[in-house]
Amino acid sequence: MERRTIGAGALAVGAVGLGCMPMSWAYSGSRQRGEESLRTVHRALDLGSNLLDTADMYGPFTNELLLGRVLKERRGDAFVSTKAGLLVGEQHIVANGRPGYVRRACDASLRRLQTDVIDLYQLHRADPEIPIEETWGAMAELVRAGKVRALGLCAVGARGGRRSGGGLYDGTLRQLRRVQQVFPVAAVQAELSVWSPEALEGLLPWCEARGVGFLAAMPLGNGFLTGTLTPGEGFEPDDLRARHPRFTAEMMAANQPIVAGLRRVARRHGEAVTPAQVALAWVLAQGHHVIALPGTKRERWAAENAAAAGLRLTGQDAAEVSRLPAAQGSWD
């Protein structure tokens with residue numbers, strides 16, 4: 001698989017990584033099977049999708065424990081990315097950016113992952129009650145201590161930008177400018193897909209200009225861009241899509257032209273090429289600093305996603321994707 005670099009440290013990873021969240025968090029609980037997920041991680045590593053993206057809050061904790069079982073055997077094959085800064089309660093999620101907590105969270109993640117170093121440690125969300133410089137400074141100490149190799153920041157959700165009338169990622173850009181004064185940012189993680197391209201306007205260029213890696217989260221639109229979801233089929237109550245406005249039966253039906261367009265492009269590349277692979281190839285074409293992080297818990301999809309790294313869209317393909325209708329329905 002093509003290798004791409006993260007940050008000035010030139011940490012090399014496969015162009016398509018593996019988002020591990022669906023294995024134990026936010027998607028259909030009845031379909032979360034530990035052994036199948038383990039096989040999926042092994043398959044991804046075999047195919048060069050070596051960036052394994054997780055977080056302590058996924059489960060919580062169970063996602064890191066699952067990856068630890070793989071890393072115990074194959075640490076040298078993997079680039080480990082995990083996150084801290086969010087605590088999960090019974091009915092809520094809160095941010096915690098206190099330096100002492102960050103240090104304890106890192107040590108706990110190292111134990112669960114069964115490794116002595118985290119390749120990329122990301123701040124999941126900034127704590128509004130703690131200056132982000134203090135949180136980032138504690139994370140920088142972890143690098144100097146040899147527990148972490150590089151630091152990353154997850155983008156603030158776009159809702160604030162909409163409310164204020166500013167750019168969707170203005171808040172994240174302000175955070176990035178502040179933390180860069182403390183310690184270099186190696187990577188930024190934010191949503192980027194055919195139906196959610198907002199990061200192209202300001203966030204992606206900021207990263208490119210500074211040699212910062214861009215980790216494209218949800219590049220398949222939470223599964224919609226795969227063309228495998230049926231409008232009106234419904235989701236399990238614990239599935240995040242059961243509450244998302246874009247996943248109502250009406251909005252899924254209204255957005256089918258996007259999938260149809262991806263399918264048309266796929267057919268030009270052969271019967272085996274899928275809409276999902278076209279969607280991932282489009283994300284990767286947005287810059288050599290972009291790494292796609294499709295999430296899955298199945299071997300079949302991990303293999304399909306990895307193969308997308310070898311798909312090259314033509315100028316005609318890119319033009320056709322750019323003419324696809326904008327997604328309908330709020331993403332808030």
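Me: How do the axes of helix H1 and H11 lie to each other?
Reply: Axes are lines fitted to C-alpha atoms, for helices over the stretch in contact, and angles run from 0 to 180 degrees between N-to-C directions. Here the axes of H1 (residues 34-46) and H11 come within 8 Å and cross at roughly 20 degrees. Angles under 35 degrees count as roughly parallel, over 145 as roughly antiparallel, 65 to 115 as roughly perpendicular and the rest as oblique. H1 is therefore roughly parallel to H11. On the H1 side the contact (heavy atoms within 4.5 Å) is made by Arg39, Thr40 and Arg43, and on the H11 side by Glu299, Ala302 and Ala303.

Me: What kind of model is this?
Reply: It is a predicted model, in which local features need pLDDT of at least 70, side-chain atom pairs count only at pLDDT 80 or more, and totals for chains, interfaces and linings use all residues. Residues are numbered from 1 along each chain as its sequence is written, and side-chain values use heavy atoms, with hydrogens and water left out.

Me: What is the strand order of the open sheet?
Reply: Helices (H or I, at least four residues) and strands (E, at least two) are DSSP runs, numbered from the N terminus. Two strands pair if DSSP finds at least two bridges between them. The open sheet has eight strands in the order S3-S4-S5-S8-S9-S10-S11-S12, with parallel pairing. S3 (18-19) and S12 are at the edges with a single partner strand each, so one side of each has no neighbour in the sheet. Two bridges link S3 to S4 (residues 51-53) in the parallel sense, and Leu18 has Leu52 in S4 as its bridge partner.

Me: Is strand S9 enclosed or open, and why?
Reply: Buried means under 20% relative accessible area, exposed over 50%, partly exposed in between (1.4 Å probe, protein chains only). In S9 (residues 148-154), six of the seven residues are buried, so the strand is largely enclosed by the rest of the structure. S8 (residues 118-123) runs parallel to S9 and is joined to it by five bridges; Leu120 is paired with Ala150 of S9. S9 also pairs with S10 (residues 187-191) in the parallel sense, over three bridges, where Cys154 has Gln189 as its bridge partner.

Me: Where is Pro294, and is it buried or exposed?
Reply: Pro294 is in the loop between S12 (290-293) and H11 (299-307). Its relative accessible area is 1%, so Pro294 is buried. Beyond residues up to four places away in sequence, Pro294 touches several residues, including Val16, Pro219, Leu280 and Asn305.
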